[in-house]
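Please look over the chains shown below before reading on.

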Amino acid sequence: MANTRDRIRYDCNDVYDLLTDKYSVFNSYVDCFMFFAAVGYANDLKCEEYGDDHKFLLKYITQSDRFAQVAKAIAYQDTNNLDILDDPGEQLYILGQYAAGGAKLASNEFSEHSGDPTAAVARFVLRHGPDPDDEVESDLQDIL
Amino acid sequence: MELETLSLTNFRQFVDTDISFAAGQDNVTAIHGQNGSGKTTLLNAFSWILYEEVDFDAQSNYLVNEGKIAEAKPDDQIPVQVELTFQHDGTRYRAMREVAYTKDGRGLDVEMGESTLTLEKQIDSGWLSQPSPKKRIKQIIPDRLRSLFFFDGEDIEELAGVNNQQQIREAIQNIMGLIIMERSISHLDSVADDFEKEYRTHASQEIEEFFEEKDKLKRHIDQKETQLENKKDMRDDVKRRIQEISDILQELDESKDLENDLQNARDRMDTAEKQLDDLNDDLASLLTKDATLAFALPVLQETANDLEEFRQNDLLETDVSPEFFDRILDRRECICGRSLDEPSIYYERVQDLKPEVAVSDLSETMIRLIHAAEHAADDYRDLQGSLITHLERRQEITTKIEDREAEIERLETELSELDVADQPGKKSPAELTAEREQAEQQLEAVNQDIGRLESRLGDIRDDLQEVEREVETAQEEQEQAQVAKRRWLAAEQTKAAIRDQFEKMQDLVRKLANDRVQEMFSSIARKDLEASITDEFELRIESDVGEHSTEVNKSSGETQIASLAFIGSLVAIARERYEQETEAQYFSGGIYPIVMDSPFGALDKEHRRQVAKIIPELGNQVAVFVTDSQWEGPVQEEMEPIAGAQYTLEFDDGAATDDYPETTIVKET
């Protein structure tokens with residue numbers, strides 16, 4: 001069982017800097033990590049081996065109810081094991097692998113050469129997110 | 001310690017015999033016999049019973065009597081015993097060491113068993129066994145003193161031999177227990193070395209280097225700050241110049257309308273850019289809050305659906321906890337009363353019913369996850385709407401900015417075409433526009449320089465903070481170094497104090513021993529000779545020639561006398577210290593017997609007589625083992641009248657009776 005003082009290791013490549021420190025698309029590396037984990041899972045990009053010299057406290061994930069639920073859901077779907085719902089340490093170990101995969105995809109999508117990536121991230125979200133309701137469908141098509 | 005009796009059983013050539021030692025006024029016990037009759041064995045009997053050590057030179061160290069072994073049958077045990085009775089501090093003791101030798105089954109070899117030592121104290125009702133006999137004996141006659149009081153007389157002359165200082169020094173240290181102090185000094189030496197090393201390690205130049213690095217970084221920061229200030233001044237100058245040009249262009253008739261339009265376009269451009277920045281901030285807030293949902297919503301919903309399905313199919317819903325099943329399985333009895341032996345089909349059935357996860361936790365998790373999925377769907381819908389709205393707005397602003405850029409470019413081009421000056425000698429709007437354009441390029445370059453400098457300054461300040469942290473760490477280590485230094489100095493001071501005390505005490509004992517040696521030697525040896533223990537702990541014998549003393553070539557007679565006098569002096573010091581009843585710091589002294597084998601060596605008759613004269617003076621109690629040839633003549637003449645007990649070792653080599661060698665001790669007086 002993980003302790004909240006446990007630390008999560010993750011692959012902090014340049015895209016974390018670009019989207020967080022440089023252009024503040026995300027408030028923190030933790031927000032960025034969770035975004036990449038979700039992107040990685042949705043695109044079935046799982047890196048079992050990745051650079052893991054950066055880390056943050058497990059509690060930053062578990063203290064956010066939304067992140068905690070996303071972590072449970074991804075870990076459960078990945079393992080199909082109900083026990084993992086009660087094991088944050090193991091959930092985040094799996095998340096780390098998907099986050100590494102998601103970060104690689106993001107590195108290809110968002111480049112410093114294109115300037116501020118905020119709008120690009122927004123469009124990326126709209127393009128890859130679940131289908132919108134009919135009423136916003138046409139607006140979305142215009143935007144994209 | 002005062003010796004009373006020594007009894008030997010099956011100990012080498014002594015089958016069953018004993019000796020009573022003289023004490024009191026006639027304190028000498030003389031035992032003489034032919035070569036090989038057992039004098040050295042008697043000395044070894046003392047070292048064996050007291051310290052379990054023997055040394056028979058080149059002979060076998062077998063303790064058991066040869067005849068007894070020969071007579072024994074296979075598997076017979078032959079006991080070997082030495083018993084010593086003595087007085088110490090007004091109490092009578094009986095020590096006995098014994099060991100059994102066993103002849104092997106074929107009768108060819110013998111095996112020695114474990115030796116045992118007992119010590120008994122005499123009380124009114126008999127003998128009382130003493131605990132820790134080995135320790136108690138060492139308290140009575142410390143191991144370190146044994147070579148001073150139980151010795152082979154032929155070796156003792158070495159004390160007065162050449163380069164004997166170390167032996168004399170050690171003997172003096174031993175009698176006072178000063179060896180302990182010397183060991184303390186040696187130990188403190190090593191402790192001081194360790195602390196010194198620790199001090200040097202922590203007080204290395206590291207801290208100095210850190211300070212140098214810190215100073216360097218500070219200088220670097222000062223330098224960069226100056227450069228930054230210069231660049232900012234330059235930026236202000238360029239801005240001023242741009243403003244001046246703009247003001248002139250606004251005043252000139254030819255250019256004022258265009259210039260006003262240009263400034264308005266630029267203001268609108270700034271406003272649009274500001275709006276774009278604000279909009280990007282809003283977008284970022286939306287993204288950081290909910291962007292994850294765009295990709296996590298399906299997995300949340302899928303998981304919520306799975307859990308919901310489990311619940312609806314009663315796969316999770318139960319009020320029975322896993323702990324409940326554990327208790328039943330541990331008890332080996334079902335709630336229906338059926339026995340649940342392991343392994344059994346019933347045991348397995350109950351085990352299969354046990355849920356893997358605590359139901360209450362799982363239910364809570366499920367509820368929270370289903371709720372999270374529902375909220376997430378709503379939140380994502382909101383996000384989608386907001387993002388679309390923001391991106392539409394952003395598109396409008398971007399278009400506006402593009403329009404402004406085009407307008408600005410057009411106005412600047414028009415201005416650059418106004419190449420006629422208002423007045424002769426004045427610059428035309430075209431020239432001013434070109435100059436402003438140049439200044440604006442310069443402004444951009446300066447701004448880039450300022451950005452680079454600020455970034456570099458940030459890096460250097462980070463480095464400075466890092467060095468300051470390292471300085472802090474180094475200072476903590478420096479504190480450790482200071483502690484180590486204080487300990488090092490304390491160890492050095494303690495060592496110096498102990499050494500000082502040690503040398504004073506050593507010198508005191510040397511002087512006492514010197515007085516005794518001089519007195520004893522001069523009473524016996526030739527009148528023109530003097531013995532002394534020098535400051536360098538050398539036992540010297542000198543000849544008086546007028547006012548001068550010269551060291552004489554030592555004959556074995558003089559060295560033997562001087563050496564025995566030195567031993568006698570140590571016995572006397574120990575006794576005096578004991579009798580003073582003062583609280584001794586290191587050595588409380590004691591009364592010790594002297595037991596010596598062959599003290600006459602190969603001395604000539606004259607010197608044998610002199611040594612014989614000195615023997616009663618050596619200690620409270622003296623036992624001397626001599627060969628018959630040394631005994632006869634001067635030694636016998638001098639010692640017979642003063643010996644309290646006299647024995648002859650009668651040795652039978654067994655040749656005549658085809659028997660084994662045996663020595664019996666016969667009392668003469």
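**Helix 2 and helix 5 of chain A**

In helix 2 of chain A, Phe33(A), Met34(A), Phe36(A), Ala37(A), Val39(A), Gly40(A) and Tyr41(A) are in contact with Leu95(A), Gly96(A), Tyr98(A), Ala99(A), Gly101(A), Gly102(A), Ala103(A), Leu105(A) and Ala106(A) of helix 5 of chain A (contact means heavy atoms within 4.5 Å; helices, H or I of at least four residues, and strands, E of at least two, are DSSP runs numbered from the N terminus). This is a predicted model, in which local features need pLDDT of at least 70 and side-chain atom pairs count only at pLDDT 80 or more, while totals for chains, interfaces and linings use all residues. Residues are numbered from 1 along each chain as its sequence is written, chains are lettered from A and ligands numbered from 1 in the order in which they are written, and side-chain values use heavy atoms, with hydrogens and water left out.

**Helix geometry**

- The axes of helix 2 (residues 29-42) and helix 5 (residues 88-109) of chain A come within 6 Å and cross at roughly 85° (axes are lines fitted to C-alpha atoms, for helices over the stretch in contact, with angles from 0 to 180 degrees between N-to-C directions).
- Helix 2 of chain A is therefore roughly perpendicular to helix 5 of chain A, a term that covers angles of 65 to 115 degrees.

**Interface of chain B and chain A**

- The contact draws 43 residues from chain B and 45 residues from chain A.
- About 3600 Å² is buried between the two chains, with carbon and sulfur atoms giving 69% of that area (buried area is the accessible area, with a 1.4 Å probe, that two parts lose on being put together, summed over both).

**Salt bridges**

- Two salt bridges are counted between chain B and chain A (a side-chain nitrogen of Lys or Arg within 4 Å of a carboxyl oxygen of Asp or Glu).
- Arg66(A) and Asp379(B) form a salt bridge through their side chains, at 2.3 Å from N to O.
- Over all chains, the count comes to 35 salt bridges.
- The side chains of Glu4(B) and Arg92(B) also pair in a salt bridge, at 2.5 Å from N to O.
- Glu4(B) lies in strand 1 (residues 2-11) of chain B and Arg92(B) in strand 5 (residues 91-103) of chain B, so this pair ties together parts that are 88 residues apart in sequence.

Terms used: Parallel < 35°, antiparallel > 145°, perpendicular 65-115°, else oblique.
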